[in-house]
Amino acid sequence: MSASEKARAKAEQAVGKAAQAAGHATGNEKLIAKGRAAEAAGNAREAKESLKDNGRH
């Protein structure tokens, strides 16, 4: 996994978790959903890069 893509995936995951926490704290369902989507995007990016790395070995 390239370092920049790994960092981007981790950042998306962190933003998603923070948004979910803020949504839970305020009772904002839309913010919770946006947070879940951002976290899922980060997870998908991380999985894609892992597959690319495994294909190289």
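Predicted model: local features only at pLDDT ≥ 70, side-chain atom pairs only at ≥ 80, totals over all residues.

Q: Where does Glu 5 sit, and which residues is it in contact with beyond its sequence neighbours?

A: Glu 5 belongs to helix α1, which covers residues 3-26. Once you set aside anything within four places in sequence, Glu 5 is in contact with Arg 45 and Glu 49.

Q: How do I read the pattern of buried residues along a helix?

A: Start with the general idea: an α-helix has 3.6 residues a turn, so residues three or four places apart point the same way. Now the case here: the buried residues in α1 are Glu 5, Ala 9, Glu 12, Gln 13, Gly 16, Ala 19, Gln 20 and Gly 23.

Q: Let's take Gln 13 from that list. Is it buried or exposed, and what is it in contact with?

A: Gln 13 is buried, at 9% relative accessible area. Leaving out neighbours within four places in sequence, its contacts are Ala 38, Glu 39, Gly 42, Asn 43 and Glu 46. Take Glu 46: it is 33 residues from Gln 13 in sequence, yet their C-alpha atoms are 9.6 Å apart in space.

Q: What span does α1 have, and what follows the helix?

A: To read a helix's span, compare its end-to-end reach with the expected value. α1 has 24 residues and reaches 34 Å from first C-alpha to last, close to the 34 Å expected at 1.5 Å a residue. After α1 comes Gly 27, with a positive phi near 75°.

Q: Zooming out, how many helices and strands does the chain have, and how spread out is it?

A: The protein chain has two helices and zero strands. Its radius of gyration is 13 Å, well over the 10 Å the globule rule gives for 57 residues, so the chain is more spread out than a compact globule. Along the principal axes, the C-alpha atoms fill a box of roughly 45 × 15 × 10 Å.

Q: What can I say about contacts and burial over the chain?

A: Look at sequence separation: among contacts with a separation of 6 or more, 59% are between residues 24 or more positions apart. As for burial, 26% of the 57 residues are buried.

Q: And what about surface and charge?

A: The accessible surface comes to about 3,900 Å², with 58% of it belonging to carbon and sulfur atoms. There are 11 positive and 7 negative side chains, and the centres of the two sets lie 2 Å apart.

Definitions and conventions: Residues numbered from 1 in each chain as written. Heavy atoms only, no water. Helix = DSSP H or I, 4+ residues; strand = E, 2+ residues; numbered from the N terminus. Contact = heavy atoms within 4.5 Å. Expected span 1.5 Å × (residues − 1). Buried < 20%, exposed > 50% of the residue type's maximum accessible area, 1.4 Å probe, protein only. Rg over C-alpha atoms; globule rule 2.2 N^0.38 Å. Areas by Shrake-Rupley, 256 points an atom, 1.4 Å probe, with all protein chains shown as cover. Lys, Arg positive; Asp, Glu negative; His and termini not counted. Charge placed at Lys NZ, Arg CZ, Asp CG, Glu CD.
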